[in-house]
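Here's a quick briefing to read alongside the model. Have a look at the fold, then go through the notes below.

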Amino acid sequence: MSGRGGISRKIVGGNVTEVWDGFVPQECKPNRKIIRFNAAQKWEEAHEPLNHGIDCIESCGLGPGMAFANEILKRDSNFGVIGLVPCARGGTGLYRWIRGSYAYEDLIKRAKLAVKDGGTIRGLLWYHGEGDIRTNNGSSSYKTKFEKFIHDLRIDLNSPNLPILLAALPYPKKPFEGPYIEVVRAAQLGINISNVIKFDAEGLEIGSDGIHLTTPAQVQLGHMFAHAFLSLNKFTTFNFYKFFPF
């Protein structure tokens, strides 16, 4: 998911535009042990908005990535340096993430570049599906497409046991229309593949647009991702870990 926390629509010069309020909670503040692989394919100190330059410039908001990384370091101060590699493409259906598509191939390219000078890919964070709950085609094929995505991703990254942290979408509210939410949620919660760690994001606060999470909910989501990861992995030695927030 491309971070949308703190985004609101405003009229500027007679046009409706989306603007981020700029608020960064304490849980999402920069930390010298958290770095970001930016759009120029360079490492820099990570900061919100994490996805800036990847798929947004003006209307980037706050996502779960920084809260995720800070929570891991809070729980384990010896964890080491965390490298975040944002690859999200806001509003994309799962068909846009099949092998050969621009989004998929860019993810693979960024992942390989991120570790060419060292480090280990430790997992992928997946919060996705807002577009697929709108259509029968997107929802009915979600489980099959996502299973293939995981299969191809692990092969192309030469990481057969790569942990996938999967958050099942919460139910939308008005004015957003997502008639196939039950189908997508069932697909997400029904994934049964090794090292796919699932949890339910239902109950997190939805913003006024009826689909995107509020800033406090993005922080909660980040913590949920961190706890899911730590339930699978226990690391105490210094190293350099890479994660791919969606």
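A217 is buried, its relative accessible area being 0% (buried means under 20%, exposed over 50%, partly exposed in between, with a 1.4 Å probe and protein chains only). This is a predicted model, where local features need pLDDT of at least 70, side-chain atom pairs count only at pLDDT 80 or more, and totals for chains, interfaces and linings use all residues. Residues are numbered from 1 along each chain as its sequence is written, and side-chain values use heavy atoms, leaving out hydrogens and water.

**Around A217**
- A217 sits in helix α6 (helices are DSSP runs of H or I, at least four residues, numbered from the N terminus).
- Beyond its neighbours within four places in sequence, A217 contacts L204 and E205 (contact means heavy atoms within 4.5 Å).

**The core**
- The largest nonpolar core has 65 residues, and F68, W126, F146, F149, L153, L221 and F225 touch the most other members (such a core is a set of buried Ala, Val, Leu, Ile, Met, Phe, Trp, Tyr and Cys residues joined through side-chain atoms within 4.5 Å).
- Helix α6 (residues 215-232) supplies the largest share of this core, eight residues.
- Setting aside residues up to four places away in sequence, F146 touches L94, W126, I164, L166 and I191.

**Confidence**
- Average pLDDT for the chain is 89, and 87% of the residues score at least 70 (pLDDT is the predictor's confidence in each residue, from 0 to 100).
- Over residues 235-239 pLDDT stays under 50, and the model has 16 contacts beyond four places in sequence for them.

Conventions:
Helices (H or I, at least four residues) and strands (E, at least two) are DSSP runs, numbered from the N terminus.
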